[in-house]
Amino acid sequence: IDYWTEPQGIRPVDIHVPKEHVAAVKVFLTRNRIDYEIFIEDLQTAIENERSPRPEQMSLATFDYNVYHTLDEINQWMSDMVATYSFISQVNVGSSYEGRVINALKLTRGISQKPQFVIDCGLHSREWVAPASCLQAVRNVTTCFNDWSAEYNILNAIEIYVIPIANPDGYVYTWSDDRMWRKTRSDNGKFCLGVDPNRNWDINWSGPGADSGACSDAYYGPSAFSEIEVLSQKNFIASLGRVQAYIDVHAYSQYWMYPYAWTSSVTADDALLEQIATDSVNAIYSVHQQSYQAGPISKVIYVASGSSADYVYNMGVKCSFAAELRDTGRYGFTLPERFIQPTAEETFAGLMVIADAVAGNQC
């Protein structure tokens, strides 16, 4: 059984059951008086219905923000954005196990030495709506030229770094082989490839909420920072020098969370983080009336050791967050393209709350 969401308290759990085991699982659930509802009858059909056939989009003129894009298309989009907008530059974050480049876009206007906000997307490769929403966030702040608008002025106040695809090997694999692949693609000499890049950070590494089994989607890896993708991001964030906010954008479940994940203890900045997260989910709700839950990761979703948000917080980045975007399970990881736009719009509202907190010296 593939757990799409983890068992936690009395909350429902989403599971993906291989076809050959469906009958047995239904009998087990019924015998144990466990209520269940089938959201997706046929996962392969859901994958095929997730996106529509289209020609390759390798220019800004043809780039459609309301479809899912290949890594090649995203890389070309990044280059085109840099060539089009003088206040956007491309920064190298590092590389992947298979040798792919990981880049970020730097967005800022005017003077240097401003506080920095890092938006990390696509760490788990099957969560396609996360990178799609991050691309729209970049578009929103770059195509607004009204100097009285929040979108325009935020780049006068802070620097924003967006990593569209933090796990490029895994992302390519979701397009070529296995749409449900979550991890990196590293070969650690085990029966199964890959490590969960959100269990590989050196914060209570290998502790509760991470798995020692190499075939688990939550496998923590042979050592902390064993994954070059994770080590590259850690070094990149440390090199920037003035990072005051960070968010790791995932999907799905509609959560807007903050540290800690590895322990149920709260951080020293719990009151501030709770306020920003609450303001974020209120802003999100105001867009399309979608409810997101705010709170510490360990309490909202589950205990998870070795996560990015915890590690970055302990680096001294006070405003560190982790988001889970749409939906709440009806489509899960196979969210159809028609939901990209509304998801991106509400996500942007939440991101702007964090950006404003950075600009207002709250972080």
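Predicted model: local features only at pLDDT ≥ 70, side-chain atom pairs only at ≥ 80, totals over all residues.

**The domain interface**

Trainee: How much area is buried between domain 1 and domain 2?
Mentor: About 810 Å² is buried between domain 1 and domain 2, and carbon and sulfur atoms give 44% of that. Buried area here is the accessible area (1.4 Å probe) that two parts lose on being put together, summed over both.

Trainee: Where are the domain bounds?
Mentor: Domain 1 covers 2-38 and domain 2 covers 60-360. The bounds come from an automatic or database domain assignment.

Trainee: How far apart are their centres?
Mentor: The C-alpha centres of domain 1 and domain 2 lie 29 Å apart. Domain 1 puts 8 residues into the contact and domain 2 puts in 17 residues. Contact means heavy atoms within 4.5 Å.

Trainee: How many salt bridges and polar contacts are there between domain 1 and domain 2?
Mentor: There is 1 salt bridge between the two domains. That term means a side-chain nitrogen of Lys or Arg within 4 Å of a carboxyl oxygen of Asp or Glu. There are also 3 residue pairs in polar contact, both residues at pLDDT 80 or more. A polar contact is a pair of N or O atoms within 3.5 Å; within protein, one must be able to donate a hydrogen and the other to accept it, and residues adjacent in sequence count only if both atoms are side-chain atoms.

Trainee: Which side chains does Asp2 meet in a salt bridge?
Mentor: That of Arg126, at 3.7 Å, N to O.

**Elsewhere in the chain**

Trainee: New topic. How many helices and strands are there?
Mentor: The chain has 11 helices and 10 strands. Helices (H or I, at least four residues) and strands (E, at least two) are DSSP runs, numbered from the N terminus.

Trainee: Where are the cis peptide bonds you flagged?
Mentor: One joins Ala251 and Tyr252, with omega about 15 degrees. Tyr252 lies in the loop between strand 7 (243-251) and strand 8 (255-258). Another runs from Pro259 to Tyr260, with omega near 10 degrees. Tyr260 sits in the loop between strand 8 and helix 8 (270-288).

Trainee: And what is the phi of Arg33?
Mentor: Near 55 degrees, a positive value in a residue other than glycine. Arg33 lies in the loop between helix 1 (22-31) and helix 2 (43-50).

Conventions
Residues numbered from 1 in each chain as written. Heavy atoms only, no water.
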